[in-house]
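Work through the exercises below with the sequence and the model side by side, and try each task before you read its solution.

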Amino acid sequence: MDKSEQIWMDGAFVPWDEAQVHVLTHTLHYGLGAFEGIRCYDGHLGPAIFRLPEHTERLLASAHILGMKIPFSADQISEACVETVRVNNLKSCYIRPLAFIGEGEMGLAAKTNPVRLIIAAWPWGSYLGEEGVEKGIRVRTSSFQRFHVNSLMSRAKAVGHYVNSILASREARGSGYDEALLLDSQGLVAEGSGENIFIARHGAVRTPLLTSALSGITRDTVLTLLADRGVAVSEQQFTRDEIYISDEAFFTGTAAEITPVREIDDRQVGAGIPGPITKLLQEDYRRATRGELENHRDWLQVVD
């Protein structure tokens, strides 16, 4: 990790190495917390944060689902994200807001413990590697299931949910693959360990319904970009063998951006290279995040 200088912590900036918590912090023990992943891009408008209001809204929604009251407003959180990029003199970076429950009571309920908020930012390249973005990645279907919505509420981007993702990711990488695909409790395609998934066949694009998958902001961006291009897209459940026979498949996410899938479960996807729809979306996404699409400049919050 490339450290930056300052981390915003409960309303004030502290030096990176001094942003510490007590070992009895409740979230450290029990996993109840909410977080976001946001990117700032250095483009046509200078450094600008991509879809900041939507990320802030999702952070507050996740906390609400989890029964956490973040002691800062949406405007305060968004401004703190901008200020974190500014004070660290960053151009392109990844931003991580994290709401967590501090120390105090132990035990599961811990109603009197404070809800705390930190915002960190640092330079971070493509999550699945630049080569993966260019040439596509190898994926395996995980032996770990994406949890049922009534087990853990999937609309929340919650800290503890990612144990599921970590197990799947480590299994895939330990077996020589780049990423994992998780199925839901019915055996239908849900998502990657940290990404939404799309497939294309005969020019039509599909992505799973948001039943057990997280409502991704990059997913929503791609749906809009596809509509702009007049590409037919539907949200519906499908089985993993439909990925096997698709012409194209790709993951989407703030960290992963748009990453092609060239192989899944040792089966080549399409021609085994990024397809035309994937490449078109990658270019449109690049232009959108850098302020080159005039009709979507409202997606960018410029860091003055």
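Predicted model: local features only at pLDDT ≥ 70, side-chain atom pairs only at ≥ 80, totals over all residues.

Residues are numbered from 1 along each chain as its sequence is written, and side-chain values use heavy atoms, with hydrogens and water left out.

**Exercise 1. Determine how strand β14 is placed and which strands pair with it.**

Helices (H or I, at least four residues) and strands (E, at least two) are DSSP runs, numbered from the N terminus. A residue is called buried under 20% relative accessible area and exposed over 50%, with partly exposed in between, using a 1.4 Å probe and protein chains only.

Step 1. Begin with the general rule that in a regular strand the side chains alternate between the two faces of the sheet. In β14, Glu248, Phe250 and Thr252 lie on one side and Ala249, Phe251 and Gly253 on the other, and all of these are buried.

Step 2. Since 6 of the 6 residues of β14 (residues 248–253) are buried, the strand is largely enclosed by the rest of the structure.

Step 3. Two strands pair if DSSP finds at least two bridges between them. Strand β11 (residues 196–201) meets β14 in the antiparallel sense over 5 bridges, and in this pairing Ile197 has Phe251 as its bridge partner. Strand β15 (residues 257–264) is also antiparallel to β14, through 4 bridges, with Thr252 opposite Ile258, and a hairpin of 3 residues joins β14 to β15.

**Exercise 2. Check the length of helix α2 and find where its buried residues lie.**

Step 1. The expected span is 1.5 Å times one less than the number of residues. For the 14 residues of α2 (residues 52–65) this should be 20 Å, and the end C-alpha atoms are 20 Å apart, which agrees.

Step 2. The buried residues of α2 are Leu52, His55, Thr56, Arg58, Leu59, Ser62 and Ala63. They cover an arc of only 160 degrees around the axis (taken from the directions from the helix axis to the C-beta atoms), which puts them on the same side of α2.

Step 3. On the face turned away from this buried side, α2 carries the exposed residues Pro53, Glu57 and His64. Just after the helix, Gly67 takes a positive phi of about 75 degrees.

**Exercise 3. Describe the aromatic pair of Trp16 and Trp122.**

Step 1. Rings of Phe, Tyr and Trp (its six-membered ring) pair if their centres lie within 6.5 Å; planes under 30 degrees apart count as stacked, over 60 as edge-to-face and the rest as tilted. The whole structure has 10 aromatic pairs.

Step 2. The ring centres of Trp16 and Trp122 are 6.4 Å apart and their planes stand at 90 degrees, so the pair is edge-to-face.
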